[in-house]
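User: Hi, I have just opened this one and have not seen it before. Could you walk me through it?

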Number of protein chains: 2
Amino acid sequence: MWVEHPLYTQAMFALDRVHVLAPQHPEWRDREPFKAVLTNDTAAIAKFSESDWAEIVFATHSGMSQEAFLEIVRQWLTTAKHPRFKRLYSELVYQPMLEVMRYLRASGFKTWFVTGGGQDFVRSYAQKVYGVPPEQVVGSSVATKYEITNGKPEIMRLPNLFFDDDHAGKALGIDLFIGKRPYAAFGNSTGDQQMLEWTGAGGGMRLKMLVYHDDPQREYAYGPAGGLPDTNVGTFSQPLMDEAKAKGWIVISMKNDWKRIFSFNE
Amino acid sequence: MWVEHPLYTQAMFALDRVHVLAPQHPEWRDREPFKAVLTNDTAAIAKFSESDWAEIVFATHSGMSQEAFLEIVRQWLTTAKHPRFKRLYSELVYQPMLEVMRYLRASGFKTWFVTGGGQDFVRSYAQKVYGVPPEQVVGSSVATKYEITNGKPEIMRLPNLFFDDDHAGKALGIDLFIGKRPYAAFGNSTGDQQMLEWTGAGGGMRLKMLVYHDDPQREYAYGPAGGLPDTNVGTFSQPLMDEAKAKGWIVISMKNDWKRIFSFNE
């Protein structure tokens with residue numbers, strides 16, 4: 001749905017938040033993974049493990065109410081710019097995906113986000129950017145707690161994972177949040193494999209499509225499928241490509257199939 | 001939304017399933033809580049603890065695919081009858097609740113179920129009985145697992161709780177599944193307290209209503225609020241009644257405020 005390189009947008013947000021929150025955490029100056037972030041050590045950041053990222057995400061995505069978190073994300077999105085394109089992240093949205101969603105909605109379908117990213121992160125802009133309301137965004141989430149502070153109920157974000165909406169979790173998330181099998185599913189990485197399998201296993205005609213990032217000029221090129229670089233961000237593996245071919249899933253070449261990638265392309 | 005006595009409909013379903021599954025579980029004949037169910041010991045069943053019910057629910061609600069479970073519930077609902085009213089459970093739906101939901105939908109609102117009961121149980125009939133699609137049913141759920149059997153992906157139900165959509169869980173469930181605060185919320189028990197608090201804490205006008213079961217002639221009378229019997233099924237506590245009065249939540253008397261309770265009433 002939008003640019004994943006050099007890092008997922010939500011990862012860029014998390015890194016920026018580490019800088020913003022650093023004055024309240026003097027201990028971060030000498031502690032990894034925070035130290036690497038605060039010293040802008042991009043080589044170290046590129047090698048962060050899953051647990052490094054988890055530590056950064058929980059430190060920056062919890063400890064506040066849901067309302068406060070959504071407001072922090074919204075504020076960030078109005079100012080943060082992509083390092084290469086020098087544009088707001090909300091402009092780095094794939095025009096053909098917006099068009100297919102509009103087309104499907106005009107044809108009587110409901111359109112949903114099913115994201116490995118943070119459910120609340122994506123909910124903060126999905127209505128404005130994609131025309132998708134919060135209740136149609138399924139994603140990964142932290143646990144929450146109901147608290148009454150000074151007589152006012154708040155939903156507080158806790159520093160632990162509640163639901164991991166990726167790989168098999170995407171099929172489970174669709175069942176949990178929607179309770180229906182999709183008629184069309186679109187992905188771009190190995191995290192989407194089970195969602196497409198689950199969609200394809202339904203009766204009748206089902207559309208399964210994968211976007212393949214093979215356009216280094218207008219966007220990025222990464223795989224490792226088809227010999228493109230293996231960047232660890234948005235992995236499209238060769239086995240996924242093989243399964244797509246074997247099962248008749250349609251692989252979209254960004255380079256050859258998309259006339260415009262972003263709305264600002266000529 | 002529908003009759004809770006002498007037991008919740010889903011509890012009646014679970015008890016029936018124990019009988020159906022008993023031949024595959026000879027050990028249940030000598031083991032509580034199953035023995036009480038198989039010998040129809042209603043006095044013992046009335047005293048089941050939360051953990052007795054959990055054992056019965058997991059034994060009857062897991063171990064199959066989601067599709068198979070939904071089909072089992074649908075089949076049961078076409079034949080099982082309420083012991084007092086001798087009608088299908090799907091007929092024992094409150095007519096004024098159907099009317100208010102239709103009215104709200106006609107006025108541009110989306111209507112949701114937020115139930116302490118099983119999300120999938122309620123999803124199996126919500127569209128047909130209430131006009132509410134599966135994706136607008138939020139409830140308690142078991143954990144699930146994605147499995148490929150003979151090349152076919154299945155979502156399997158596991159014997160452990162994933163989400164407890166009751167009490168504070170109702171406010172959290174609304175946030176998790178919907179991501180918006182309700183403009184109107186309707187409840188009938190202490191499990192709805194936080195949902196109504198959360199609704200009322202939103203800005204502008206918010207409608208909070210509680211149905212009070214005080215009509216033993218046409219339905220049932222239970223509390224213990226207002227001195228009605230404390231039946232442990234659908235508890236409406238005196239503190240809930242006090243909070244409703246203090247906060248201006250509207251308490252609906254089934255006896256005095258509802259002209260018809262069921263569509264088949266005159």
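This is a predicted model: local features need pLDDT of at least 70, side-chain atom pairs count only at pLDDT 80 or more; totals for chains, interfaces and linings use all residues.

User: Let's look at a single chain. How many helices and strands are in chain A?

Analyst: Chain A has 11 helices and six strands. Its radius of gyration is 19 Å, close to the 18 Å that the globule rule gives for 266 residues, so chain A is as compact as a globular protein of that length. Along the principal axes, the C-alpha atoms of chain A fill a box of roughly 55 × 45 × 35 Å.

User: And how much of chain A is buried?

Analyst: Buried residues account for 53% of the 266 residues in chain A. The accessible surface of chain A is about 12300 Å², and 54% of that belongs to carbon and sulfur atoms.

User: Which residues are buried in H9(A)?

Analyst: They are Gln194(A), Met195(A), Leu196(A), Glu197(A), Trp198(A) and Thr199(A). Helix H9 of chain A, which runs over residues 193–200, is therefore mostly covered, with six of its eight residues buried.

User: Over to chain B, then: what does Gln119(B) touch?

Analyst: Not counting residues up to four places away in sequence, Gln119(B) touches Leu176(A) from chain A, together with Val137(B), Val138(B), Gly139(B), Ser140(B) and Phe177(B). Gln119(B) lies in helix H7 of chain B, residues 119–130, and because its relative accessibility is 1%, it counts as buried.

User: Where is Gly191(B)?

Analyst: Gly191(B) is in the loop between strand S4 (184–187) and helix H9 (193–200) of chain B. With a relative accessibility of 3%, Gly191(B) counts as buried, and leaving aside neighbours within four places in sequence, Gly191(B) is in contact with Asp166(B), His167(B) and Lys170(B).

User: Changing topic, what is the backbone doing at Pro33(A) and Pro224(A)?

Analyst: The peptide bond from Glu32(A) to Pro33(A) is cis, with omega near 5°, and a cis peptide bond also joins Gly223(A) and Pro224(A), where omega is about 20°. Pro33(A) lies in the loop between helix H1 (9–21) and helix H2 (34–38), whereas Pro224(A) is in the loop between strand S5 (207–212) and helix H10 (238–247). For background, most peptide bonds are trans, and most residues other than glycine have a negative phi.

User: So what about phi of Lys86(B)?

Analyst: Phi of Lys86(B) is near 55°, which is a positive value in a residue other than glycine. Lys86(B) lies in the loop between helix H5 (66–79) and helix H6 (95–106) of chain B, and at 59% relative accessibility Lys86(B) counts as exposed. In chain A, His167(A) has a positive phi of about 55° although it is not a glycine, and His167(A) is partly exposed, with a relative accessible area of 37%.

Definitions and conventions. Residues are numbered from 1 along each chain as its sequence is written. Chains are lettered from A and ligands numbered from 1 in the order in which they are written. Side-chain values use heavy atoms; hydrogens and water are left out. Helices (H or I, at least four residues) and strands (E, at least two) are DSSP runs, numbered from the N terminus. The radius of gyration is taken over C-alpha atoms; the globule rule is 2.2 Å times the number of residues to the power 0.38. Buried means under 20% relative accessible area, exposed over 50%, partly exposed in between (1.4 Å probe, protein chains only). Accessible areas come from the Shrake-Rupley method with a 1.4 Å probe; for residues, only the protein chains shown count as cover. Contact means heavy atoms within 4.5 Å.
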